[in-house]
Structure formats: structure tokens, C-alpha cells
Amino acid sequence: MTDCTRHKAWGALQAHSRQMRDVQMRDLFAQDEQRFEQFSLRAAGILLDYSKNRITAETLSLLTGLAREAGLGEAMQAMFGGDRINVTEGRAVLHTALRNRGDWAVQADGKPVMPDVLLVLERMRTFTEAVRDGVWRGFTGQRITDVVNIGIGGSDLGPAMVTQALQPYWQPGLRAHFVSNVDPSQMVETLMSVPAESTLFIVASKTFTTAETLLNAHVARRWLVEQAGDEAAVAKHFVAVSTNADKVRAFGIDTANMFGFWDWVGGRYSVWSAVGLPVALLVGMNAFEQFLAGAHAMDEHFRTAPFERNMPVILALLGIWYIDFFGAQSHAVFPYDQYLARLPAYLQQLDMESNGKSVTRDGERVACDTGPVLWGEPGTNGQHAFYQLLHQGTRLVPADFLAAAHSQRPLDQQHEVLLANCFAQTRALMLGKRPDEAEAELRAAGMSEDALRALLPHKVFPGNRPSNTLLYDRLDPRTLGALIALYEHKIFVQGTVWDINSFDQWGVELGKQLALGIAPDLTGERRGAHHDASTNGLIDAVHAFREHGSDEADA
């Protein structure tokens with residue numbers, strides 16, 4: 001593999017970035033009335049406006065040249081072809097096969113995968129229809145009213161985000177709940193809100209050994225058995241998304257109600273698989289398959305469009321432009337759509353677990369900055385919180401704004417106000433407000449000279465802050481699928497250019513390993529100074545609080 005900074009295009013981009021550093025976007029718009037047409041494109045029902053970026057046609061040419069030098073075309077072929085591109089785990093990366101609606105002959109290790117994928121989808125359809133039609137019933141004969149998904153990481157963030165985003169499509173009479181935190185308060189509060197006789201639990205763990213998930217699952221199991229007075233109730237109220245039949249059976253779940261997936265499906269890419277079972281239960285398999293179809297449409301666009309007109313490629317290269325040539329350390333995502341409230345949290349795992357890496361695929365130290373800190377909240381709440389930093393802070397924060405032309409819940413003119421705010425924020429970030437413009441406003445308000453001079457610096461907005469706008473007709477299952485696939489491919493492109501493995505996550509392991517050594521000191525199984533001074537002090541403080549309360553512990 002090649003150090004990305006040694007590509008010819010990298011050096012050219014460094015020189016070009018110095019030329020672009022003081023270029024103002026407001027001037028670029030003034031010079032070119034066709035800038036929106038030049039720097040926007042449509043794919044899979046989504047419009048991307050990336051005209052409000054510090055770029056020219058030359059910038060785009062250099063960035064796509066970098067992608068070619070980094071071997072992006074070959075990397076795409078390897079991924080879609082089922083090669084083992086997850087080199088540290090020796091696995092293929094084929095989440096795209098889960099939503100394959102076309103005639104791709106997808107193989108992993110020389111074996112066709114689509115027959116197994118289609119079989120699981122058919123089993124999901126049979127099961128979800130039985131629940132939704134009232135054929136599947138609980139231990140008292142009541143139909144299911146509540147679905148509780150127990151998982152963590154990708155087994156929680158994906159289905160939780162998608163289920164919430166598609167709430168207008170839920171079947172009346174069904175509710176969804178998600179438990180991921182080992183903090184008992186989440187499970188306790190959930191169990192207090194659901195009726196035992198009509199609640200279905202989904203335990204999502206590929207190996208059925210994930211510590212946090214199994215702790216929560218056993219709490220739910222014990223609660224159900226206490227409510228039902230019969231161990232046999234477990235089989236009527238629990239199903240599993242797993243591949244470990246022995247452990248699923250030992251838990252009390254009928255393995256006929258176990259839905260599997262494959263080692264070429266990474267956790268944060270698994271919502272397209274049986275991990276999406278709670279989505280399918282709430283919205284139905286027809287809508288779930290529309291969700292898959294939207295992702296497939298984006299896959300096809302990514303696979304076939306030239307880099308210069310390829311939406312995931314352009315988003316990825318713009319991110320690299322700001323991270324590696326302008327020093328941006330974070331990237332914000334602002335959905336002006338309340339149903340997408342959990343999208344930033346979902347994308348945090350997708351991006352930061354994928355590209356939060358500091359070594360190359362060959363194990364060498366990377367020579368450039370890689371994945372950014374990703375964050376965000378829905379608009380318009382953020383405008384009254386952290387937008388202050390975006391507009392007048394010292395940090396450059398590129399941002400994506402997402403919005404629908406149609407609201408799923410129209411009310412008076414509120415959606416128009418929402419869209420006006422969204423578009424105004426991207427315009428304000430781009431234009432800013434120059435000192436002369438701010439001064440003219442203050443003079444027009446009749447402010448005295450002394451007061452004007454004191455206030456003027458605080459009324460200036462630097463502007464020239466980059467943003468992308470993603471606009472779509474409405475947030476339906478197909479559009480949501482396309483949006484998620486767009487971000488998946490963006491992350492893959494960036495990982496390819498940086499020459500890192502976007503599909504492992506060794507960084508999540510160390511804390512879990514150390515926790516195993518700390519837990520006995522907290523449960524009372526062991527006492528003693530086994531750790532560093534800070535950890536030992538914290539353990540002792542926990543015991544002091546438990547034994548004496550806050551007042552005596554303070555003393």
C-alpha cells in the first residue's frame with residue numbers, strides 16, 4: 001500500500017489549498033450564476049447541493065484524481081466482488097448483498113450468498129406477518145402490542161434509528177422499545193412500561209455471548225417468567241437474532257425463531273439483515289424491502305457513476321479536503337427532520353468506529369489525519385445551542401444539512417418555517433456578515449457612535465463556513481435506505497484514500513477487557529489494590545458511598 005501523502009495529487013492539493021485558503025465563497029457565487037448547477041447532483045431520490053464549499057472545478061478535479069491514485073475503483077470492485085477486504089479479520093464486506101435487488105452474482109469465498117439472504121428475508125416475512133396479523137400470541141393468548149429490542153452497538157443504533165425515522169409507517173397498536181445500556185435503569189423503566197402478556201423481546205447478538213446484551217436479556221427473561229409463572233412463556237415472548245443455536249436454545253428460545261446473519265456483515269452495517277427485525281415488525285416487510293431497495297439504488301449509483309458525478313465519492317472527498325488540508329477536526333450532521341433525531345448518533349458509530357484508525361492496512365502509522373469527530377442534533381433546536389460556535393467560533397466545522405420537501409405530519413406553515421431556517425443557516429454560514437454590513441445595520445438602528453464601536457466586533461460573522469445540503473421529497477423507507485447507504489459509501493471512500501481498514505473495530509476491545517478485571521472489586525468478590533492509583537481510589541470511593549452515604553464518605 002502507498003502512503004496517501006505521497007500521491008502526486010496530494011502534493012497538488014496541498015499547493016491548491018494554500019491558494020484557496022483566503023478565497024471567499026460569496027465571491028465564487030458572485031462570479032458564477034451557474035454555481036449551483038455545477039456543484040449539485042441527484043441520485044436515488046436525493047439532491048446534494050455542495051456548492052457552498054470552498055472549492056472550484058480545479059479542486060474537484062484534484063480530489064477525484066487523488067481517489068483514482070488511491071485505487072478507489074479497484075477497492076470498489078473488491079468490496080462488491082466479495083474479496084476479503086477486512087484484512088485484520090479475514091472477512092469479506094458484503095452488507096450490500098443484503099439489499100441486493102438486482103441480478104448481481106454475489107459470492108463470498110466462491111459461494112453464492114444471495115440464496116441464503118433471500119431465505120432469511122422470507123423467514124422474516126413469515127414471522128413478522130404472524131405477529132402483525134395477530135397469529136403469534138403471548139402466554140395468555142393476547143396479540144403482541146410491544147416489541148423490545150435488546151442489543152448494543154450496531155444491534156441497537158441501527159434498528160432504533162430506522163424504527164424511529166419510519167414512525168409514520170408503524171402499524172397501529174404496535175410500539176417499539178430499545179434497551180442497550182447495561183445501566184439497569186433503562187431496562188427497569190422499559191419493563192415498567194410494557195405488559196408482560198403482550199410483549200415480544202428480540203435478543204440481538206451474533207454469538208449470543210455479548211456481555212451487556214445477555215445481562216439485559218436475562219433480566220427480561222426473569223421478569224417474564226415471574227409475571228407468567230411458567231418457564232414455557234419464554235418461547236412465546238423471545239426470539240433471537242443470532243448464529244449460536246446452542247446458546248439460544250439454552251436460553252429457552254425455540255431455534256425455529258432464531259434469525260441468522262453472516263460474518264461478512266459488520267455490526268454497524270447490519271440493519272439491512274435480520275438485525276432489522278424490529279423495523280420489519282413495526283413497518284411491515286413491504287416497507288422494509290423498500291428500505292432495502294433505496295439502499296440498493298444508492299449502491300448502483302455508487303458502483304456505476306463517474307467519480308465527478310458520484311454522490312458518496314464527492315461527500316467523502318470534500319471531507320478529506322477539510323480534514324487533511326484545512327485542519328477540520330469534526331464534522332456535523334443536522335437533520336431538519338425530527339424523525340431523524342437519532343441519525344447523528346447512528347452515524348457516530350458508523351463513521352468513528354470505521355475510520356477512527358491511526359494505522360494503515362499494512363500496520364504502519366498513518367501519515368495524515370483520518371476520521372473526524374462526528375456530532376449533531378436536529379434543527380432547529382441546535383440554532384439556539386451550538387450554532388453560535390459554527391458561526392463565530394474559532395473552529396472550522398463542515399456540516400451536512402438534511403431536509404424533506406414534504407413533512408410527514410404537515411401542520412399549518414410550520415414545515416415551510418423549518419425549511420426556511422435550514423436554508424438560511426447554510427446561507428449565513430457561507431455569506432457571514434462583513435464589518436461594513438454590520439456597521440450599516442447598526443447605524444440604521446440609530447445607535448450612537450460609541451455604542452456602535454463597542455458592539456460592532458460582536459456583530460461580525462466571518463462566513464466562508466462550508467456546508468452540504470441533502471434534500472429529498474419525503475422521509476419514506478426508500479429515501480431513508482438511500483441516505484444510510486450514501487453515508488456508508490462515503491466512509492468507505494475515505495478509508496480507501498487514507499489506506500485504513502474501515503471494517504474492523506479493535507479499539508472497542510481494551511476497555512471491555514479491563515472491565516472484566518475491575519468488576520470483582522466492585523461486586524465484593526475481591527478487595528485489594530490491583531490497579532493504578534486512580535482506579536483503586538475510585539473503587540474505594542464507591543464502597544465508601546455504599547457503606548456510609550455521601551456525608552460520611554465526604555468526611
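This is a predicted model: local features need pLDDT of at least 70, side-chain atom pairs count only at pLDDT 80 or more; totals for chains, interfaces and linings use all residues.
Reader: Which helix gives the most to the lining of the second largest pocket?

Author: The second largest pocket is lined by 21 residues, and those closest to its centre are Gln-338, Ser-407, Gln-414, His-415 and Leu-418. By class, this lining divides into 9 nonpolar, 10 polar and 2 charged residues. The helix that gives the most to it, with 5 residues, spans residues 414-431 and is α18.

Reader: Which helix supplies the largest share of the lining of the largest pocket?

Author: The largest pocket has a volume of about 1200 Å³, and among its 43 lining residues Ile-152, Thr-210, Val-508, Glu-509 and Lys-512 lie nearest its centre. Helices α8, α10, α16 and α22 each supply at least two residues of this lining. The largest share, 6 residues, comes from α22.

Reader: In strand β12, is Leu-402 buried or exposed, and which residue is its bridge partner in β13?

Author: From β12, Asp-400, Leu-402 and Ala-404 point one way while Ala-399, Phe-401 and Ala-403 point the other, and all of them are buried. Strand β12 pairs in the parallel sense with β10 over 4 bridges, where Pro-335 stands opposite Leu-402. Strand β12 also runs parallel to β13, to which 6 bridges join it, and there the bridge partner of the buried Leu-402 is Leu-470.

Notes
Residues are numbered from 1 along each chain as its sequence is written. Side-chain values use heavy atoms; hydrogens and water are left out. On a 1 Å grid over the protein atoms alone, a cavity is a set of points where a 1.4 Å probe fits but cannot get out, and a pocket is an open set with protein on both sides within 12 Å along at least five of seven lines; lining residues have an atom within 4 Å of a point. Grid points are joined across faces, edges and corners, and a volume is the space filled by probe spheres set on the points. Ala, Val, Leu, Ile, Met, Phe, Trp, Tyr, Cys and Pro count as nonpolar, Asp, Glu, Lys and Arg as charged, and the others, Gly among them, as polar. Buried means under 20% relative accessible area, exposed over 50%, partly exposed in between (1.4 Å probe, protein chains only). Two strands pair if DSSP finds at least two bridges between them.
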